[in-house]
Amino acid sequence: MCLAVPGKVLESYEVGPSRIAKVEFGGVTRQVYLDFVPEAEVGDYVLVHVGFAIGKIDAAEAKRTYELLEEMGAVLEAEEEQP
Amino acid sequence: MIPLVCPAPIHHRDTILLGHGSGGKLSAELLREVFLPAFANPVLARLEDQASLEIGGARLAFTTDSFVVKPLFFRGGDIGSLAVHGTINDLAVGGAIPEFLSAAFILEEGFPMADLQRIAVSMSLAATKAGVTIVTGDTKVVEHGSGDGVYINTAGIGRLRDGVRLSASFARPGDAVILSGSVGDHGIAILSQREGLELESDIASDSAALHTLVDVMFAAAGANAIRCMRDPTRGGVASTLNEIAEQSAVGIEIDECAISIHSAVRGACELLGLDPLYVANEGKLIAAVAPECAQALVAAMRCHPLGADAAVMGRVTAAHPGMVTMRTLFGTSRIVDMLAGDQLPRIC
Amino acid sequence: MKYLDEYRDAGVAKGIAQAIRARVTQPWVLMEICGGQTHTIMRYGLDEMLPPEIELVHGPGCPVCVAPLEIIDKALAIAARPGVIFVSYGDMLRVPGSHSDLFRVKAAGGDVRIAYSPMDAVKLARENPSRQVVFFGIGFETTAPANAMSVWQARREGLKNFSLLAAHVLVPPAMRAILASPVNRVQGLIAPGHVCTVVGTREYEDLSRDFHLPIVIGGFEPVDLLEAIRMLAVQLEEGRAEVENQYARSVSREGNLPAQTILQQVYEVSDQKWRGIGAIPMSGYKLRPEFAEYDAELVYGTEEISAQEPQECISALVLQGLKKPVDCAAFGSLCTPERPLGAPMVSSEGVCAAYYAYRRRVPEAVA
């Protein structure tokens, strides 16, 4: 459930009372409503579900935890390489 | 709006559903339950994409296809070029050299003449470029509201190459399975240009005539090394592989890492929750070939503009006959089933 | 694609799987709630990478599967009306009601359309003032804010031809019902990461405390789920029962406040029936009285219909994690995606459908 995809905010603008962003997903872009993430800025990554951003990706947190995960992968590789 | 296509049947089969046209299990059921019994004959029963015939000593291939695509004009082509390429491809993957096409039009009253001109010009260009001639045709007009602008049917005839016999029932354990290029381009190009979806991208349909690529393949591998070829159109690569697996009573195992996909196609699939294996192609082919020729074939294909991303995508096995599996990026295994009808975008 | 590709990295995934294998010393039963998480597990064969001590059971996190039969029948009744444009997410189109489904209604002449976003339906209403547009708003707390925005926007524009048929379900009450059952086997829970992106983690802290249950908020990519499983395994081996957040790049404790605000303004919590499980108090959303003119149930006056689930379908047991799809006598024979008997076989990410599509006849496990 809850297919939500991370995308990069390329630009944002107001249309009436709504704030809308042009968000890039891989090689496609789509308009996304920023009503729930009004603080999103160009360059930020947002999580998009049914045309709405539901959250902003915390880049620093992602980096920090991913480095720990990569270490686990590296440990395994090292073990596998041992004779 | 996202185009409505039927993903699955329900209990009763007293009416035609959209899924009957999707190339999946429902389409197969329609063939089995309505058309095969009605038209019973051994050529049809082989269920190839084209019929191989002998008339007065000449070995011919004959095929037909109808085109109902919306929108009519899209990046990478239009309903006309699609109609020409689609029928050429059905002949080519059957081991025939395409020669002549027919083109029949069902036009809706009120359809703009300028659009029809555009389609006709497009078909002419596609046919000329491919070296085939449109030699006969027909036109009918239906009342406004009874059609979708224009429907096109093309039929094609070609000479079977000497010594070549291909069939989806000829794949055997040990064969290599080759895919000529990236998956999902056509289906996503169409979807992204339909009104309401508002996906911006430069994805273009891969619609193309494959017969010169097939020429290269026969030159590289010889007549006996290729068991069968198919162009994976509606229903995607997954449906075509399942058809081959079933008709040859073999298993097929493919490698996720060998499947190439353009990043924009991938982005669109992620956003809509679509599996690219089930998305339509219009300029790709799958071939089951003798394993010792696979590398040479792929190398030759890569020298042709339509085969630049050709790769061995998997192998035919004796295990799990009739079933297609995929070795994931993680080395685990999943089944690649045939869908009942069309794949639907999802939010869950 | 950034924030997707790296969470599908095979090397990292295998490293986590190895870390799990090295850590577990006894059997544990873990449940992932969300259908999307089930889909990932089946699609990537993650269960093949886990040690045999870890048993994964699947929860009721498929709003498509659990939408009550009555609401489907109401949807079908409304969609069949002339003058109505019935708009739905793709997921709902093949869900069988008592006698039909939205595709059959379309085949019989109903104007049924798929949308990716609820705002597409609002646009349709704006552009077709002579037609009535009804949007089928299903989903968990993840989708509820967006569905609410359709009503909010319709009111802002003064549209008179738009309404929402709402069928929202809330995760924590269903989890309480499952965990409180005397036959519950779940020892650790992977909480739904996108639901928590919206609502935060507080309700899961309550669950964890009340049931002394380790809970890890998990994402949806294979690396996310393997890591969530690893974190649960560590908690269980260490005898802890806390809430930990694996999906911290998206989930904060407070969640998304603007989204929560719209939820409070547009909806009120209500009792809700879950298909295959039954009625669970205070487990759904319905539109507040001030939005009555946008409430399709009121606009169309669809009356209560009671419905019988087929006898062979054991979805209630499957959705509570007590049985697996393969335990069901009807699985793959009487009940297939083409002829589903029950809810979990219907949705593209329902657990039975996931098992059927990816793992029907289990191929040899790859080492």
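**Spread, contacts and core in a predicted model**

In this predicted model, the C-alpha centres of domain 1 and domain 2 of chain C sit 19 Å apart.

Reader: Which residues make up those two domains of chain C?
Author: Domain 1 covers 1–16 + 30–300, and domain 2 covers 315–359.

Reader: Why is chain A called more spread out than a compact globule?
Author: For 83 residues the globule rule gives 12 Å, but the radius of gyration of chain A is 17 Å, well over that, so chain A counts as more spread out. Its C-alpha trace spans about 65 × 25 × 20 Å along the principal axes. As for elements, chain A has 1 helix and 5 strands, in the order β-β-β-β-β-α from the N terminus.

Reader: What makes a residue of chain A part of the contact with chain C?
Author: The test is a C-beta atom within 7 Å of one in the other chain. By that test, 33 residues of chain A are in contact with 43 residues of chain C. Strand S4 (45–49), strand S5 (52–56) and helix H1 (59–81) of chain A each supply at least two residues of that side, and H1(A) gives the most, with 11. By class, the side has 22 nonpolar, 6 polar and 5 charged residues.

Reader: What makes A:Ala53 stand out in the largest nonpolar core?
Author: Of the 253 residues there, A:Ala53, B:Ile178 and B:Val289 touch the most other members. The largest share of this core, 9 residues, comes from helix H12 (residues 222–238) of chain C. Beyond its neighbours within four places in sequence, A:Ala53 is in contact with residues including A:Val32, A:Phe36 and A:Val48.

Notes. Residues numbered from 1 in each chain as written. Chains lettered and ligands numbered in written order. Predicted model: local features only at pLDDT ≥ 70, side-chain atom pairs only at ≥ 80, totals over all residues. Contact = placed C-beta atoms within 7 Å. Helix = DSSP H or I, 4+ residues; strand = E, 2+ residues; numbered from the N terminus. Nonpolar A, V, L, I, M, F, W, Y, C, P; charged D, E, K, R; others polar. Core = buried A, V, L, I, M, F, W, Y, C linked by C-beta atoms within 7 Å. Buried ≥ 20, exposed ≤ 12 C-beta atoms within 10 Å, placed from the backbone. Domains from an automatic or database assignment. Rg over C-alpha atoms; globule rule 2.2 N^0.38 Å.
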